Amino acid sequence: MTETTTPATTAATAEAAPGTPAPLLSVRDLTMTFPGRRSATGRRGAPVRAVDGVSFDLAAGRTLGLVGESGCGKSTTGRMIVRLLQPTSGRVVLDGEDISRLSQGALRPLRGSIQMVFQDPHSSLNPRQTVARIISEPLLVQGRSAGDARRRAAELMELVGLIPEHIDRYPHEFSGGQAQRIGIARALATGPRLIVADEPVSALDVSVQAQIVNLMERLRAELGLAYVFIAHDLSVVKRVSDRVAVMYLGRIVEIGDKAALYANPQHPYTRALLSAVPLPDPAAERRRERIVLLGDPPSPAAPPPGCTFHPRCPKAQEICRTERPLLRLAASREVACHFPGD
Ligand SMILES: Nc1ncnc2c1ncn2[C@@H]1O[C@H](COP(=O)(O)OP(=O)(O)O)[C@@H](O)[C@H]1O
Ligand code: SF4
Ligand SMILES: [Mg+2]
């Protein structure tokens, strides 16, 4: 059986209408193929297409939530956007400039405007550096004086809810939530316009998660930041996102405005993810349908033909096994499914 695709144009890949303000970030057909890992016998496995044709726009001051199970390519997407990884193909356009092929030297002046916050705050902070040093490092790289950088570091500590008098302490003297505040202060030091936050609360206690989400939301409003906010479930991004993109095996399978996506998910995978989000009303929680996904996601080194979700999809039909569905408009958002909706 040969795999075919259904031709479709998508709003995500269409050029903007004349007069529409250019987005801060445009990601187009972003793809990352890692070489296969070597086995014990030295043979290389099949290449891993970790990200496969991801496209979206993000306006200044807005948040895109990027959601999907572990291994679906969220971190790889984020790392390509901040250019910690060079994409295999595709474009990352920041403020009208394609940064996906720039050399490290040409990237340097842009480094300050796009920053990353990582999942595990303690392992992403150098344990041998004081908070002063950690937060001022990007400023010293930019050529600011030591005194100036230290003053700015103290201001940033205050901004993220830390006590500036603790500036000479080391990361291990802080709790997980406080350490993540340090990571956020470091990301803010250069005055970025875009922050890629890769599961910034996944490693924190549930009680602390909301505090960090609230802090990030306040900073976004005060500083006009845009976020790509990565999480593995839909509950975390609900508060912060304007738009949400759901990824499965390297591709976006549904993307749209938050309200529409949560109220009426169109892709069976989004429906399954959403059915796992607890409802605040206990009666509604008891009544609601829970969709349990069977098995684990397939390996991106050997993706199933057709719709890659078909081995786990409760709605799969014959066509799903052979024809790959592309993103198409459905119910005011884009969905990659032959049978979207109920
Ligand atoms: N450096 C690498 N070399 C080979 N495979 C990788 C590498 N980094 C990630 N992968 C693979 O790419 C896929 C996507 O990984 P990742 O982007 O980390 O997913 P997520 O952040 O959604 O959990 C996974 O199958 C992972 O094993
Ligand atoms: S295309 Fe088919 S298998 Fe894929 S999500 Fe839609 S119904 Fe399920
Ligand atoms: Mg990840």
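**Ground rules.** I number residues from 1 along each chain as its sequence is written, and I letter chains from A and number ligands from 1 in the order in which they are written. In this predicted model, local features need pLDDT of at least 70 and side-chain atom pairs count only at pLDDT 80 or more, while totals for chains, interfaces and linings use all residues.

**Ligand 1.** I looked up which residues surround ligand 1, taking a residue as near if its C-beta atom, placed from the backbone, lies within 6 Å. Among them are Phe 34, Val 48, Gly 73, Lys 74 and Pro 300. Strand E3 (48-58) and helix H1 (74-81) each give two or more residues, and H1 gives the most, with 3. Here helices (H or I, at least four residues) and strands (E, at least two) are DSSP runs, numbered from the N terminus.

**Ligand 2.** I found 13 residues around ligand 2, the closest being Cys 307, His 310, Cys 313, Cys 320 and Cys 337.

**The sheet.** Next I traced an open sheet of 8 strands, in the order E7-E8-E9-E4-E10-E11-E14-E13, with mixed pairing. Two strands pair if DSSP finds at least two bridges between them. Strands E7 (114-117) and E13 (328-330) are at the edges with a single partner strand each, so one side of each has no neighbour in the sheet.

**One pair up close.** I then checked E4 (residues 63-67) and E9 (residues 226-231): they run parallel and 5 bridges join them. Within this pair, I saw Val 67 opposite Ala 231 in E9.
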